[in-house]
Amino acid sequence: MNELSLIEKYLAAAERDVEDATRRATVQRELVAKLERADRDATTARKLLVTFELSLASHIRERDRLIRERNRVAGST
């Protein structure tokens, strides 16, 4: 497997990670809003949301890094 193919493989996985993390963060945001509307304690749900958002940001950074790397490798061939 050449370098570009390997990067493409990792990039596809990173895209799935971004999609999954986006979905988790969205569901958690909805849960926090639901708890707050019901005047329930959303402290733990908010903390988990922060964790999900940090994870999402990390996945986005990795995906973007792989895109830059793919462009660099593709440009050098």
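Reply: One cut-off to begin with: buried means under 20% relative accessible area, exposed means over 50%, and partly exposed is in between. Glu 15, with a relative accessible area of 29%, is therefore partly exposed. Keep in mind that this is a predicted model.

Me: Where does Glu 15 lie?

Reply: Glu 15 lies in helix α1.

Me: How far apart are Glu 15 and Glu 53 in space?

Reply: Their C-alpha atoms are 16 Å apart. In sequence, Glu 15 and Glu 53 are 38 residues apart.

Me: Back up a bit. What secondary structure does the protein chain have?

Reply: Two helices and zero strands. The radius of gyration is 17 Å, well over the 11 Å that the globule rule gives for 77 residues, so the chain is more spread out than a compact globule.

Me: What does the C-alpha trace span along its principal axes?

Reply: About 60 × 15 × 15 Å.

Me: Which residues of α1 are buried?

Reply: Ile 7, Leu 11, Ala 14, Val 18, Ala 21, Ala 25, Gln 28, Val 32 and Leu 35.

Me: Why would residues three or four places apart point the same way?

Reply: An α-helix has 3.6 residues a turn, so residues at that spacing point the same way.

Me: What covers the buried residues of α1?

Reply: The cover includes α2.

Me: Now the other side. Which residues of α2 are buried?

Reply: Ala 45, Leu 49, Phe 52, Leu 56, Arg 63, Leu 66 and Val 73. These residues pack against α1, which covers 3–37.

Me: I noticed a Gln in the α1 list. Is Gln 28 buried or exposed?

Reply: Gln 28 is buried, with a relative accessible area of 7%.

Me: What does Gln 28 touch?

Reply: Ala 45, Leu 48, Leu 49 and Phe 52, not counting residues up to four places away in sequence. Among the buried residues of α2 are Ala 45, Leu 49 and Phe 52.

Me: How far is Gln 28 from Asp 17?

Reply: They are eleven residues apart along the chain, and 16 Å separates their C-alpha atoms.

Me: What is Glu 69 in contact with?

Reply: Glu 3 and Ile 7, leaving aside neighbours within four places in sequence. Glu 69 has its place in helix α2, and a relative accessible area of 22% makes it partly exposed.

Me: And how far are the C-alpha atoms of Glu 69 and Glu 8 separated?

Reply: By 9.8 Å, although the two residues are 61 apart along the chain.

Me: Changing topic. Where is Asp 39?

Reply: Asp 39 is in the loop between α1 and α2. Its phi is positive, about 60°, although Asp 39 is not a glycine. At 71% relative accessibility, Asp 39 counts as exposed.

Me: Now totals. What share of the 77 residues count as buried?

Reply: 22%. The chain exposes about 5600 Å², and carbon and sulfur atoms supply 53% of that area.

Me: How many positive and negative charges are there?

Reply: There are 16 positive and 14 negative charges, and their mean positions are 2 Å apart.

Me: Last one. Of the contacts between residues at least 6 apart in sequence, what share join residues at least 24 apart?

Reply: 70% of them.

Note on methods. Residues numbered from 1 in each chain as written. Predicted model: local features only at pLDDT ≥ 70, side-chain atom pairs only at ≥ 80, totals over all residues. Heavy atoms only, no water. Helix = DSSP H or I, 4+ residues; strand = E, 2+ residues; numbered from the N terminus. Rg over C-alpha atoms; globule rule 2.2 N^0.38 Å. Buried < 20%, exposed > 50% of the residue type's maximum accessible area, 1.4 Å probe, protein only. Contact = heavy atoms within 4.5 Å. Areas by Shrake-Rupley, 256 points an atom, 1.4 Å probe, with all protein chains shown as cover. Lys, Arg positive; Asp, Glu negative; His and termini not counted. Charge placed at Lys NZ, Arg CZ, Asp CG, Glu CD.
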